[in-house]
Amino acid sequence: MRRATVVWVALMAGMAVAQQPPPVTPEQEKEEQSALQAALADAGSSQLDFARAIDRHLQRYPLSSQRPDLERAAARAAVEARDPGLVVKFGERVLAREPQNLELLERVSRYLLNSSDAPSSKRVLEYALRLENLAREMGGPAPGTRGAGRFAEERRILLGKALVYQARASGNIEKFAEAEALARKSYEEFPSAESAREIARWLDRQGKTAEALPLLADAFMIPDPNATPEDRRKDRTRLGEWYRKAKGSETGLGDMLLEAYDRTAARVDAYRAEMSKIDPNASAGAVKEFTITGIAGDKLEMASLVGKVVVLDFWATWCGPCRAQQPLYEEVKGRFDGRSDVVFLNINTDENRAIVKPFLDREKWNKTVYFEDGLASHLRVSSIPTTVILDRKGEVASRMNGYIPERFVEVLSERVKQLLEEK
């Protein structure tokens, strides 16, 4: 018996060796490369055609040594083209090698939900749970520092998506109470129409249509830039159907919608206030809505400067031209000394804030400095030095990218004078 077993193992080993594909020759690799270049050239600039071309190429050359790179490129192109089938097909292959790819975890989870069958839903649960865990583990800028608010919000949006995908997948496998709980967690992380809609969906499936109605009304009323007109139309249709089913008619539906408006507005305001604690500029849409931080931690609300002409000097410690411009900038400032309707602000853009004060001390610059706190990005300051001048309304009136030494003082002075003369 033992001899037979040994012979069987040997035979299987021999079969395994025999079934291994022969090595690819240099000629075959050259042929494949030529075919790939031709296929991608035919695809042109279309991302969808690009992904399809790679798909056909890998079917023709299944042993391609470039398979990992090609699958990654196809997944990226499929995401750009928003093709659910190809995103799932190539995305899952890439995730098998790159399990922490956040973008693909999110997209594959979303597109897998196009199918409500149990196998797809179980895969969504795996991917979306991994997405949630990675989002919770993400580091980021410290509260109050540049980019902290944007990072915190993007992280919470990602968490909201991960939880709502888990909710849908759980409901698809008839775990309705669990789906409801996950959707509520999603709504707490990031109040969106999608998460409110998901809570309502699974309350209704549990026979709690009356409880679901306020949540569906919330989904209809909450300000959500990702909610399409079609989403809102469906919410309104479903809301009418469910309300009539629960109440017998639509009498009182208008009052419910008004209550939903007040409720969701308060919820969004609370969320924004929470984000503002992390970054007061998280919701700033204009220069005058920004609050910037001084090197001593003091705060300056740009709104307090409305009514004055404001000169913003964007600079960094490592910037040679900024150093050369410094005495010229001080000369302009001196020309308006004593005027309370002109303000000169030095806006530092260094990534490492800790080096700024020692730099000022070492260079003996008598400057009141503020950190840009997102203002540079808002004003699209892409190079330094850059000077931005605000009019009395707090709006951008002029800007100077870089500087011409022999003309800087006169040009900047003249622009400030012109704005001061405007009423």
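Residues are numbered from 1 along each chain as its sequence is written, and side-chain values use heavy atoms, with hydrogens and water left out. Because the model is predicted, local features need pLDDT of at least 70 and side-chain atom pairs count only at pLDDT 80 or more, while totals for chains, interfaces and linings use all residues.

Helices (H or I, at least four residues) and strands (E, at least two) are DSSP runs, numbered from the N terminus. Helix H2 covers residues 26-43, 18 residues in total, and reaches 26 Å from its first C-alpha to its last. That is close to the 26 Å expected at 1.5 Å a residue, where the expected span is 1.5 Å times one less than the number of residues. Buried in H2 are Glu 32, Ala 35, Leu 36 and Ala 43 (buried means under 20% relative accessible area, exposed over 50%, partly exposed in between, with a 1.4 Å probe and protein chains only). Seen down the axis of H2, these buried residues fall within an arc of 105°, so they line one face of the helix; the arc is that of the directions from the helix axis to the C-beta atoms. On the other side of H2, Pro 26, Glu 27, Lys 30, Gln 37 and Ala 41 are exposed.

The buried residues of H2 pack against helix H3 (47-60) and helix H4 (67-81). Ala 43 in H2 has a relative accessible area of 7%. Leaving aside residues up to four places away in sequence, Ala 43 touches Asp 49, Phe 50 and Ala 53 (contact means heavy atoms within 4.5 Å). Ala 43 and Ala 53 are ten residues apart in sequence, and their C-alpha atoms lie 6.7 Å apart. Just after H2, Gly 44 takes a positive phi of about 65°.

Turning to helix H12 (residues 229-247), its 19 residues reach 26 Å from first C-alpha to last, close to the expected 27 Å. Asp 235, Leu 239, Gly 240, Trp 242 and Tyr 243 are buried in H12, and their cover includes helix H10 (193-205), helix H11 (209-221) and helix H13 (253-278). Gly 248 follows H12, with a positive phi near 95°.

Finally, five strands form an open sheet in the order E5-E4-E3-E6-E7, with mixed pairing (two strands pair if DSSP finds at least two bridges between them). Strands E5 (369-371) and E7 (396-401) stand at the edges with a single partner strand each, so one side of each is left without a neighbour in the sheet. Strand E6 (residues 386-390) pairs with E7 in the antiparallel sense over five bridges, and Thr 387 stands opposite Met 400 in E7.
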